[in-house]
Amino acid sequence: MTNNSILFQNNDDNEFLPILPMNEIDAELENLEVPENIILLPLRNMVLFPGVVIPITVGRDKSINAVNDAYKGNKLIGVLAQKDVNIEEPSAKDLTKVGTIAKIIKLIKMPDGGTTIIIQGKKRFKVKSIAQEDPYFKAAVEVLQEAPSPEDEEFLAHLSSIKDLATQIIQLSPSLPTEASIILQNIENPGFLINFVSSNLNSELLEKQELLEIDLIKDRSLRLVTLLQKQLQFAELKNKVTNNARNEIDKQQREYFLQQQLKSIKDELGGDNNDLEISAMKKQADTKKWPEAAKELFNANIAKLERMHPSTPDYSVLYNHTDFILNLPWDDFSKDNYDLKYAEKILNQDHYGVKKIKERILEYLAVLKLKGDMKSPILCFAGPPGIGKTSLGKSIANAMGRKYIRLSLGGLHDESEIRGHRKTYIGAMPGRILQSIKKSKTSNPVIILDEIDKIGSEYKGDPSSALLEVLDPEQNNTFYDNYLELEYDLSKVLFIATANSIQNIQPALRDRLEIINLNGYAIEEKVEIAKKYLVKKQKEAHGLGKEKIKISDKVLEKIIESYTRESGVRELDRQLASLMRNLAKKVALEEELPASITEEFTQEVMGKPRFSNEIYKTANMPGVAVGLAWTSVGGDILFIEALLSEGKGELKLTGNLGEVMKESAMTALSYVKANAKKLGIDINDFSKKNIHIHVPEGAVPKDGPSAGITMLSAITSAFTGKKLKPFLGMTGEITLRGQVLPVGGIKEKVLAAKRAGLKQLILCVENEKDIQEIDATFIKGLQFHYVREMEEVLEFALTK
């Protein structure tokens, strides 16, 4: 047995390698005497053919003993191939039955203790029986005699084909010497030619063994031609693939090889930066708390990164994706502060009023404290601008001890801003939700979705529809971001949306929100907010923190009434800023500051009052009524003017009115016509006079049913010539039967009336409950009259 690590192996780079014979026709063959029992040498990787000379390195003990004893004797040895090359110590049944008797030409002792022999095949033989297995194989054999080569043309054609096919294979194999084809052409002995080519054929060992076992040389030559054609086809295909690959090497590939060399140089100098980065990521991942799915995706990405070169375009894409997965706070949560007294203190410290919202937050914290876990509700603060919706969210985060994130959704029109892009796109990024969570480094922050009612939509998608999954407590525990390609749990996030008008929010999205309405501030509230927050804030902002500046409640009230007309305090903040800038200029010029801010000083800095209630005195004439309106910026008052002129009874409406408001005007006119006699109006006036209804400030769109009773009062006043009572406002919807229906936005409208200086208000009786919810101190001085029928409105509103 032998560990035949052959000197000339046939492999992928060595399809056909000629081995020079000692001589083509050996005279010893005629007189070769083969003993009855011959020593056997198993070969694991090759088949020896008669006439061929090969070197063999012998490593196994049995093989070394067999070679030494044969070399000491007649130098003949029987060479057999193993059936299975993987068997280290073959038995008799593992050897083929047909082999080649070889002569050991030379035996060389190697320095490493091994033995190399050069042997030449002589004759084929067949094993009759195994005589012994130890210390080496010995068997009784039968020498197989070769029949004379035939002289027919078919056999000669086979020989010619063998030479041609072998020559073509040599030419297609750059690893083979071109001299091999010359040797082939000079071999004249047909038997040796067949054996020589068969020995160097790049075929399976069993195919070579099959060739050795064929007795008739003509049949052997035909089988060899078939195997050579198969090998030639493979060589041609391999050569074609090699040439194509060589032709496709362009500048990028050359750069790649240069980068590889550069990488090797960097390795020698102490490692590559990219390898160091990947190692750092793997080290960070070892201590990371995350779901199994995220861990598997991270490991898969790391494996790809290690196989990729940093210069390839996809490397940075994959690296950024892997880094994003690693730095998301999958199972990292900030600890909630369940101290309700502390939370209440923070909320009261940061915001004046808004008791309803403060109670709602404290209730939420109480449930968390008792239960330990709860699906976060999706709160929506709805109300006019400037009343502190956004800043209230920040206070909630501080009270709970959570991180605060603000996402401005105003004008957002691309769905991928919420869900992210596919990472295969150029410039792909995750959605803003997950970006913010990554930045906060916690999976339970407070996220303010600011201006949710101002989301747009276009061909790129509808972001409000993408928010449906984000803002549904039953779904957002499996939120899917296109960039991340994994589900992420948003159920622990406290989402707080803000909106000016919930009517502009998509109905399906509005259904997922817990709406909490914030109403505008009364003058008394604004005074307190200015004293506690705004004045101090503007002093610090203008470098006046150390100066003693006194502003009385009366002056603040004057600023609010004469220079602002809003639901919130944003304009008040700006007016106080202008006041502080003037004082800052005095300090910079080293002028003396006033001991206290007076109304005269305020007027000197801010100019003449911008708003006045005197208009309600001068506007007191027949056909003019004051209505109360609700807008996206809070409550407001509006005039409705009705004027009669000679004509044919036509109705004209102006003032940028919406469809609902136009219908209210027509309904009011129809009621007046139907009840003309009861109201003391000549029925002929309706056919002889045109009526023009106008709502001033025509540039401002107006709509809604709440001006119904105001229009009816103005029309009745115009036809009867009776004035409406001064400083009287009203709001309510009407029906053709004269009923007065309730309307919304009552607190905003009432506060607007108070700001405008109205004294009396007419409301539907069903709106009385809304008045009861308003702090009595805020509506002090206002008289409310609740009605059910339009007759009651006209009876009270029209002067006698």
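I take a salt bridge to be a side-chain nitrogen of Lys or Arg within 4 Å of a carboxyl oxygen of Asp or Glu.

**Ground rules.** I'm working from a predicted model, where local features need pLDDT of at least 70, side-chain atom pairs count only at pLDDT 80 or more, and totals for chains, interfaces and linings use all residues. Residues are numbered from 1 along each chain as its sequence is written, and side-chain values use heavy atoms, with hydrogens and water left out.

**Salt bridges.** I looked up the total and got 29 salt bridges in the structure. As a reminder to myself, side chains of opposite charge can pair when their charged atoms come close.

I went to lysine 93 and aspartate 94 and found their side chains meeting in a salt bridge, 3.8 Å from N to O. For burial I call a residue buried under 20% relative accessible area, exposed over 50% and partly exposed in between (1.4 Å probe, protein chains only). Lysine 93 is exposed, with a relative accessible area of 64%, while aspartate 94 counts as buried at 14%.

Then I checked arginine 44, which forms a salt bridge with glutamate 88; their closest N and O atoms are 2.9 Å apart. Where do arginine 44 and glutamate 88 lie? Arginine 44 is in the loop between strand E1 (37-43) and strand E2 (53-58), and glutamate 88 is in the loop between strand E3 (76-81) and strand E4 (98-109), so the pair ties together parts that are 44 residues apart in sequence. My helices (H or I, at least four residues) and strands (E, at least two) are DSSP runs, numbered from the N terminus. Arginine 44 is buried, at 10% relative accessible area, and glutamate 88 is partly exposed, at 43%.

Next came glutamate 528 and lysine 531, a salt bridge with the closest N and O atoms 3.6 Å apart. Both sit in helix H18 (residues 523-541), 3 residues apart, which means they are separated by about one helical turn. Glutamate 528 is partly exposed at 22% relative accessible area, and lysine 531 counts as partly exposed at 38%. I also noted one network, in which salt bridges that share partners join Arg124, Glu146, Asp215 and Arg220.

**Rings.** I pair rings of Phe, Tyr and Trp (its six-membered ring) if their centres lie within 6.5 Å; planes under 30 degrees apart count as stacked, over 60 as edge-to-face and the rest as tilted. By this rule I get 7 aromatic pairs. One of them is tryptophan 290 with phenylalanine 298, tilted, at 5.2 Å centre to centre and 55° between the planes. Tryptophan 290 and phenylalanine 298 are both buried. Phenylalanine 784 and tyrosine 786 form a stacked pair, 6.4 Å centre to centre with 10° between the planes. Phenylalanine 784 counts as buried at 19% relative accessibility, and tyrosine 786 as partly exposed at 26%.

I looked for charges over rings too (NZ of Lys or CZ of Arg within 6 Å of the ring centre and within 35 degrees of the ring normal). Lysine 62 lies over the face of phenylalanine 137, 4.9 Å from the ring centre.

**Helix H16.** Why do I call H16 largely enclosed by the rest of the structure? In this helix (residues 463-470), 7 of the 8 residues are buried. Among them are Pro463, Leu467 and Glu469. The cover over the buried residues of H16 includes helix H15 (432-440) and strand E12 (494-499), with contact meaning heavy atoms within 4.5 Å.
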